[in-house]
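Please open the model in your viewer and keep the selection tool at hand. The stops below follow one another.

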2 protein chains.
Amino acid sequence: MRKVFQAELHQIGEELIEISTLVTEAMEKSVRAFAGADVELAQEVIAADARIDFLQNDLDERAIDVLALQGPVASDLRMIVGSLRMSASLERMGDLARHVAQLARLRYPSTVIPASLTATFDELAELDILISHKVTELLETRELASVTDIQSAKARISELHGSVFKAIASPDWNESAATTVDVTLASRYFERFGDHGVSVARKVSYLVTGQWQPEGFMV
Amino acid sequence: MRKVFQAELHQIGEELIEISTLVTEAMEKSVRAFAGADVELAQEVIAADARIDFLQNDLDERAIDVLALQGPVASDLRMIVGSLRMSASLERMGDLARHVAQLARLRYPSTVIPASLTATFDELAELDILISHKVTELLETRELASVTDIQSAKARISELHGSVFKAIASPDWNESAATTVDVTLASRYFERFGDHGVSVARKVSYLVTGQWQPEGFMV
């Protein structure tokens with residue numbers, strides 16, 4: 001019984017890593033599609049999101065089965081409930097990568113971001129991809145060193161997100177209203193993606209240490 | 001044992017209703033603050049959000065205790081796991097109501113929305129408040145009649161959300177870039193709020209009928 005249970009827990013952990021890996025791939029491709037106005041790549045990300053949704057459902061069903069059949073307690077129970085929360089955050093990250101790809105597709109053959117903000121968005125994209133990689137690493141190793149990197153990356157994302165709105169509000173901004181909308185949404189998608197990454201990191205950190213860090217502490 | 005368990009389940013249900021009621025109040029006040037540039041009311045909503053977050057944590061801890069101590073199975077287990085998901089959606093709805101209030105505070109003493117879109121945003125706000133009331137009703141009664149109303153309201157929100165972007169992209173749009181940003185974000189906040197309401201409704205519907213409705217089916 002105990003052996004089956006450990007195998008089930010292991011399987012849930014593996015599935016989280018698989019979802020996180022797919023999310024990272026999705027964001028990497030979305031960013032290339034977004035920066036390079038590559039509509040085929042955008043289409044690929046949009047189509048691949050169904051697989052992430054499927055895996056999330058599968059993981060959730062598996063977790064509920066383990067709860068029902070094994071009646072876990074203490075740290076195992078928290079691990080399983082934590083996995084349900086992490087799968088929800090990862091699924092949402094997949095959606096946000098898809099939203100970025102959808103913006104790229106909508107504006108094809110133009111690029112979404114005007115030249116004045118290309119460097120900012122390149123950095124936002126890099127930070128999101130970094131967070132996504134670090135989240136996978138954290139799920140694999142449970143080494144909490146990654147948590148600090150994820151938090152620092154998110155702090156920088158918040159700064160950049162703020163700077164986008166400052167740029168738009170400045171008198172020098174003379175882009176079309178449609179571009180203003182795109183930039184606003186894109187910046188928010190990148191910011192939310194990073195934020196969900198932090199949620200996953202906080203959850204892993206809690207499961208490893210048993211200490212819940214309040215949200216304010218993490219930023 | 002069974003009696004304690006039923007009392008615990010009942011308590012979780014009551015707490016969901018309490019959170020949903022607070023979310024509705026938050027959105028009602030936010031909308032008044034937003035439409036009437038009422039900074040004090042906005043401040044009230046922003047401060048009250050901590051209570052929603054507290055109740056969500058409390059509910060989650062309670063649910064995990066029930067899982068650990070009572071080892072529920074079958075429909076009770078799904079109810080508890082479903083409650084964890086619903087509390088997460090409701091907490092997010094509270095955040096979105098707070099974001100609307102924050103926009104109102106940021107632009108005070110001006111209003112956020114230009115005259116040309118006031119009617120659209122009034123309707124968006126009304127629909128969100130309707131959804132929020134219906135969600136509370138659904139949690140109280142488990143009468144699935146509300147689910148259809150929630151879905152219809154969300155379908156209309158999606159239309160209005162689309163019409164906002166059409167208005168911005170039209171040649172008649174001559175608002176400032178800052179207003180364009182505000183309108184974009186506000187429309188997205190109202191749209192997301194409704195979407196989370198639909199998530200809660202789908203979850204209740206699933207718990208009552210045992211039938212999961214795929215997302216596409218609901219919109």
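The model is predicted, with local features needing pLDDT of at least 70 and side-chain atom pairs counted only at pLDDT 80 or more, while totals for chains, interfaces and linings use all residues. Residues are numbered from 1 along each chain as its sequence is written, and chains are lettered from A and ligands numbered from 1 in the order in which they are written.

Next, select the contact between the chains: 21 residues from chain A and 21 residues from chain B (two residues are in contact if their C-beta atoms, placed from the backbone, lie within 7 Å). On chain A, helices H2 (39-70), H3 (74-107), H5 (145-169) and H6 (177-209) each supply at least two residues of the side that touches chain B (helices are DSSP runs of H or I, at least four residues, numbered from the N terminus).

Last, go to B:Val39, which lies in helix H2 (residues 39-70) of chain B. B:Val39 touches B:Arg105 and B:Tyr108, leaving aside residues up to four places away in sequence. Then select B:Gln11, 28 residues from B:Val39 in sequence and 35 Å from B:Val39 in space, C-alpha to C-alpha.
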